[in-house]
Amino acid sequence: MDVQPEGPLDLPEMDQDLLDIFVQEGNDILDHSDSVMAKLREAPQDRELIATLQRDLHTLKGGARMAGIGPIGDLTHAMESLLDATYDGHRSMDFASVEALERSYDSLHGLVQRIARREAIALPEAMIARLSALATGEEIPAQAAAAEPVAAEPRGERDPTVRGDAILEVEIE
């Protein structure tokens with residue numbers, strides 16, 4: 001499981017204005033990607049949906065690299081690699097791949113929110129290892145099998161109805 005560090009965000013040559021622009025654009029891209037992922041879950045072999053996600057991730061990766069946010073750049077690269085392998089026909093978009101992408105998008109949301117609050121972030125190594133194993137068809141390492149998304153809200157405040165939780169708890173009156 002990937003754990004995020006405590007403390008303030010500390011990036012080399014941190015440009016506050018560039019981080020603000022990245023957060024705004026990152027949220028827009030991720031919101032769009034969420035709607036595409038919902039469609040992909042229903043039509044996992046739809047190449048146009050996969051291509052749309054590839055474009056979104058490529059844009060997000062470029063913004064992260066320009067802002068010096070390596071963990072987001074590396075995670076988006078791993079996600080792109082899985083989508084590339086699927087698009088190119090080297091693997092199918094199965095349940096494990098869709099689930100890994102959904103968890104990765106949840107992590108991206110959490111990382112972007114941490115950047116917005118100027119909280120420290122770390123490389124989500126287990127999640128990247130899982131994505132890489134899925135992309136190449138290798139066995140998924142034990143630590144990567146349990147990769148959990150970076151929490152979008154501070155610990156203890158996560159809404160159980162948010163996509164990505166194992167159980168959807170909704171009370172209907």
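**Helix packing around α4**

User: Which residues of α4 meet Met-127, Arg-130, Leu-131 and Leu-134 in α5?

Analyst: This is a predicted model, in which local features need pLDDT of at least 70 and side-chain atom pairs count only at pLDDT 80 or more, while totals for chains, interfaces and linings use all residues. Residues are numbered from 1 along each chain as its sequence is written, and side-chain values use heavy atoms, with hydrogens and water left out. Helices are DSSP runs (H or I, at least four residues) numbered from the N terminus, and contact means heavy atoms within 4.5 Å. On the α4 side, the residues that meet those four of α5 are Ala-96, Ser-97, Glu-99, Ala-100, Leu-101, Arg-103, Ser-104 and Ser-107.

User: How are α4 and α5 oriented, roughly parallel or roughly antiparallel?

Analyst: Between axes fitted to C-alpha atoms over the stretch in contact, angles run from 0 to 180 degrees between N-to-C directions. The axes of α4 (residues 95-116) and α5 (residues 125-136) come within 10 Å and cross at roughly 150°. Since angles under 35 degrees count as roughly parallel, over 145 as roughly antiparallel, 65 to 115 as roughly perpendicular and the rest as oblique, the crossing makes α4, relative to α5, roughly antiparallel.

User: At roughly what angle do the axes of α3 and α4 cross?

Analyst: Residues of α3 including Leu-75 and Met-79 meet residues of α4, among them Leu-108 and Leu-111. The axes of α3 and α4 come within 11 Å, and their crossing angle is roughly 160°.

Key:
Helix = DSSP H or I, 4+ residues; strand = E, 2+ residues; numbered from the N terminus.
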